[in-house]
Amino acid sequence: MGFKEASSATIFCLLLLFCLTCRCLASELVATQAATLKVDASPQSARKIPDTLFGIFFEEINHAGAGGIWAELVSNRGFEAGGPHTPSNIDPWSIIGDDSSVFVATDRTSCFSRNIVALRMEVLCDDCPTGGVGIYNPGFWGMNIEDGKAYNLVMYVKSAETTDLTVSLTSSDGLQNMASASITVSGTSNWTKVEQQFIAKGTNRTSRLQITTSKKGVVWFDQVSLMPEDTYKGHGFRTELISMLLDLKPRFLRFPGGCFVEGDWLRNAFRWRESIGPWEERPGHFGDVWHYWTDDGLGYYEFLQLAEDLGAAPIWVFNNGVSHNDEVDTAAIAPFVKDVLDSLEFARGSADSTWGSVRAAMGHPEPFPVKYVAIGNEDCGKKFYRGNYLKFYNAIRQAYPDIQMISNCDGSSRPLDHPADLYDFHVYTDSKTLFNMKSTFDRTSRSGPKAFVSEYAVWRSDAGRGSLLASLAEAAFLTGLEKNSDIVQMASYAPLFVNNNDQTWNPDAIVFNSWQHYGTPSYWMQTLFRESSGAMIHPITISSSYSGSLAASAITWQDSENSFLRVKVINFGSDAVNLTITTSGLEASVNALGSTATVLTSGNVMDENSFSNPTKVAPVKSDLSNAAEQMQVTLAPHSFSSFDLALAQSKLVAEM
């Protein structure tokens, strides 16, 4: 090739590169949209958001309670999970030794009349192996035992002859011993309560509790419990998981379900009476919807206590005589109605009332402020629901006129055909649909009962195990609830928790195992709405050809010292947006000092968090130095941005 040919080729290549560069630059310019967001912050246009708008919903699902927030380390502590017929399965208990040295079986010799099953262990060996033979319990996929921490053992034992037992906290193979104690059981025909505290010397995340002996003979065991000394306020809850809830600042706690309330069959529905009183006497039950046993250590009383600890209003969801597969005819519903009235007396009655005295004996003489009840869960279409509902409604209204009652029937698009203070609204759908549902309540009648959006989430294909995309759609939906909070009283995400070892339902807000936890993007999204309850909502308008991919809301809120105008904007699209925010009607000027921007986004819209990277998708906060009544910001593609504009007047108020 000659010089001229080479020069011509070089020029051609440069021109081609220039054209491609221009095309790329043009593409980048097209990928940046422009929009204007106007906020009318004048007091006359503002409206107060209900104090109760955002809260949490707890259901016993995914081992959220048993093996979750409830800190009990022993699974099947009373040997009841195999059922009342003996011999029965004792899973996850297992033997140390073999069937020639130790024989175990359940029998009906318990000293507790409400849970009669106990475990009989017969030691067969005269010359037992070193370390002895016995039984062990691995807890819920391994017990988390940590160096220096205290663990409290309670168990009931009996033996006809004096026997020495060794109780230990060991690794899953028994080779690492974190704590051990020798316990002598006096020969007697009576059951003995044994209490022992262990201080761990070493850490093991998958430990087990083991009980061994080398003496030939028979020993019975029942109600074997191991609890960490350090629980939230000493009330039995895992501190680190409760801390996650406190960070949401929930205004209400809906419990205990969900389908857990109904059961596949009524015989397996949650029964509040069987979940109160001394833990040793609670029979427990099989949650047949989510397919696992719970000893009901986390019972009705504990849920009420948790609501109080969180500073949240309790919302008691009770069974109305309907399960997934069977129903009680309205003509025979009276005993169920009385049962619910008794549950309300337990919560609200004086310490000298029949059921209030039971509560007081459990350590809470003051009543719990139950002001909301949900009559059933997702039962509106069932044959006897409306008839049963009215029986409950009328009886509760007469006994407790102030209690707000929640119907399972959706009143968002047409009036209810029965009285109610609120109605349930549940939605699980894909991200695009939920994003577009931000205007769902725009056309709802303002004259009927209020809406309780008690279960919402992006679900299935584009949700993963908690994706950024899901959280953005949910955030957009919540801005619509804020805007319509004159008719929407409360809202909560679902499900709240998932044990990583029991992923029955995905996604969930908080993922955990025996020692780790993290919030999904949906959890972090909710933290940006925690100041909305009780705040003032302001009208907004968005002007842009790209507005179909944007959602926003504006509120003013106060902390202990300052006031803020918060503008939340969700960019659901794949283009960046140059957004101009203009504010009118403010009674105080914007102060850049103290103003911040918080952004939830990531490199891929399907990004998730994990134990190895728990904050891969989490809010990032920075100073907003250009904060003003008119300012320009850039919204990243697929992002949720929250701008808190500090109001100068708040400092003056603090100084006065």
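Me: What makes the largest nonpolar core a core, and which residues touch the most other members?
Reply: A nonpolar core is a set of buried Ala, Val, Leu, Ile, Met, Phe, Trp, Tyr and Cys residues joined through side-chain atoms within 4.5 Å. The largest one holds 109 residues, and Phe477 and Phe497 touch the most other members. Helix H9 (residues 468–483) gives the most to this core, ten residues. Helices here are DSSP runs of H or I with at least four residues, strands runs of E with at least two, numbered from the N terminus. This is a predicted model: local features need pLDDT of at least 70, side-chain atom pairs 80 or more, while totals for chains, interfaces and linings use all residues. Residues are numbered from 1 along each chain as its sequence is written, and side-chain values use heavy atoms, without hydrogens and water.

Me: Why is the link of Cys125 and Cys128 called a disulfide?
Reply: A disulfide is a pair of cysteine sulfur atoms within 2.5 Å. Those of Cys125 and Cys128 are 1.9 Å apart, so the pair qualifies.

Me: What makes this disulfide of Cys125 and Cys128 right-handed?
Reply: The torsion about its S-S bond is about 90°, so it is right-handed.

Me: Why is Cys125 called buried?
Reply: Buried means under 20% relative accessible area, exposed over 50%, partly exposed in between (1.4 Å probe, protein chains only). Cys125 has 9%, so it is buried.

Me: Why does Cys111 count as partly exposed?
Reply: Its relative accessibility is 41%, so it falls in between.
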